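Subject: Structure for you to look at

Hello,

Here is the structure I said I would hand over. My notes on what was found in it follow below.

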Amino acid sequence: MKNLVETVDLKKYFSVGHKRMLHAVDGINLEIPEGKTLGVVGESGCGKSTLGRVVMGLLPATSGEIHLDGQDIVASSKKEFKKIRKKVQMIFQDPYSSLDPRMSIYELIAEPLVMNKVYSSKQDVLNRVQELMETVGLAERFINSYPHELDGGRRQRIGVARALALNPKFIVCDEPVSALDVSIQAQILNLLMDMQRDLGLTYMFITHNLAVVKHISDVIMVMYLGQCVEIAPADELFAHPQHPYTQALLDAILKPVLGSGKERKLIQGEVTSPIDPPAGCRFAKRCEHCRPECMGRDIPLTDLGGGHKVACVLAEK
């Protein structure tokens with residue numbers, strides 16, 4: 001199957017002064033086949049949202065390659081990137097702060113069409129806006145409303161409609177349901193899955209909710225302090241997690257079972273600083289399996305077969 005999105009040793013560092021660098025994204029290699037969903041999970045601050053913005057082109061990469069439909073975003077000129085930009089869109093986390101409160105629903109959805117001069121007549125723009133509203137499940141009566149007049153679910157549907165306006169191939173979903181009620185979350189997730197089926201969309205789905213990511217993803221990548229520590233098909237990752245960090249994340253999921261008596265493992269130890277981190281496993285200080293060979297060298301991803309890879313010395317033996 002053709003990969004729509006690929007990254008090669010992708011890095012994004014931020015300067016924090018005195019020649020010190022914060023390693024937000026550090027050597028990420030990923031592949032997303034066309035029409036599939038890559039889920040990206042990890043704690044807050046692990047770099048998953050930064051990864052999404054770098055892949056989108058909203059933040060410049062420090063180094064590495066980003067290939068979208070065979071074109072290298074990093075090496076492209078501004079003119080070339082403007083054409084590429086229509087193929088990739090983003091759904092943001094907060095459906096309220098991502099929308100201009102002074103613009104009506106019509107104006108918000110029409111904005112990408114007008115900015116990119118997709119249609120020559122206002123009637124064509126109106127027809128497309130109405131079509132997008134129907135696609136995302138927004139009643140036409142809201143077309144002249146403003147974001148503050150709608151609930152969170154409807155506001156997020158506006159964000160989805162804006163993302164669909166230019167007929168993209170790839171959408172980065174940056175925690176698109178984390179700010180919504182549980183019942184509304186299910187509606188938005190089902191909407192995204194229906195659109196993927198009907199339109200052949202490819203997603204990078206960023207979240208910290210493991211139950212959500214299992215529901216929507218084909219493959220899941222686990223990030224820790226800017227690095228990929230494990231990647232596998234969704235069912236395989238949940239059935240056979242190999243990295244101690246992944247195991248701890250899955251163990252933290254609350255299960256509706258009374259009197260199970262299972263003792264939960266708490267991650268102990270100090271979090272490694274992401275500012276100029278030393279070589280070695282960045283989870284080592286918090287890992288109960290830590291040993292000398294975990295330090296002093298970067299731990300590569302070991303291929304376990306079936307698309308399952310893990311960066312852990314336990315897997316190297």
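**Cavity**

The lining of the largest cavity divides into eleven nonpolar residues, two polar and no charged. In this count Ala, Val, Leu, Ile, Met, Phe, Trp, Tyr, Cys and Pro are nonpolar, Asp, Glu, Lys and Arg are charged, and the others, Gly among them, are polar. Before going on, note that this is a predicted model, in which local features need pLDDT of at least 70 and side-chain atom pairs count only at pLDDT 80 or more, while totals for chains, interfaces and linings use all residues. Residues are numbered from 1 along each chain as its sequence is written, and side-chain values use heavy atoms, with hydrogens and water left out.

The structure holds one cavity of 30 Å³ or more. On a 1 Å grid over the protein atoms alone, a cavity is a set of points where a 1.4 Å probe fits but cannot get out; a pocket is an open set with protein on both sides within 12 Å along at least five of seven lines; and lining residues have an atom within 4 Å of a point. Grid points are joined across faces, edges and corners, and a volume is the space filled by probe spheres set on the points. The volume of the largest cavity is about 90 Å³. Its lining has 13 residues, and those nearest the centre are Cys 281, Cys 287, Cys 294, Cys 312 and Val 313.

The largest pocket has about 540 Å³ of space. Of the 21 residues that line this pocket, Arg 85, Gln 89, Pro 112, Arg 162 and Leu 166 lie nearest its centre. Two or more lining residues come from each of α2 (78-85), β6, α3 (105-115) and α5 (152-164). These labels are DSSP runs, numbered from the N terminus: helices are H or I with at least four residues, and strands are E with at least two. α5 gives the most to this lining, with four residues. By class, the lining of the largest pocket has ten nonpolar, five polar and six charged residues.

The second largest pocket has a volume of about 410 Å³. It is lined by 22 residues, and Asp 26, Gly 27, Gln 227, Asp 298 and Ile 299 lie nearest its centre. β1 (3-15), β2 (21-33) and β10 each supply at least two lining residues, and β2 gives the most, with four. This lining divides into eleven nonpolar, six polar and five charged residues.

**The eight-stranded sheet**

Eight strands form an open sheet with mixed pairing, in the order β6-β7-β8-β3-β9-β10-β12-β11. Two strands pair if DSSP finds at least two bridges between them. β6 (88-91) and β11 (302-305) are at the edges with a single partner strand each, so one side of each has no neighbour in the sheet. On average, neighbouring strands of this sheet are turned by 20° against each other, direction ignored. Axes are lines fitted to C-alpha atoms, for helices over the stretch in contact, and angles run from 0 to 180 degrees between N-to-C directions.

β8 (residues 202-206) runs parallel to β7 (residues 170-174), and five bridges join the two. Ile 171 has Tyr 203 of β8 as its bridge partner, and Asp 174 has Ile 206. β8 also pairs in the parallel sense with β3 (residues 37-41), over four bridges; here Gly 39 has Phe 205 as its partner.

Is β8 buried or exposed? Five of its five residues are buried, meaning under 20% relative accessible area, whereas exposed is over 50% and partly exposed lies in between (1.4 Å probe, protein chains only). Thr 202, Met 204 and Ile 206 are on one face of β8, and Tyr 203 and Phe 205 on the other.

**The four-stranded sheet**

A further open sheet has four strands in the order β2-β1-β4-β5, with antiparallel pairing. Its edge strands, β2 and β5 (71-72), each pair on one side only. Five bridges join β1 to β4 (residues 63-68) in the antiparallel sense, and Val 5 stands opposite Leu 68 in β4. Helix α1 (residues 48-56) packs on this sheet and touches β1, β2 and β4, with contact meaning heavy atoms within 4.5 Å. The direction of α1 makes about 115° with that of β1.

Regards
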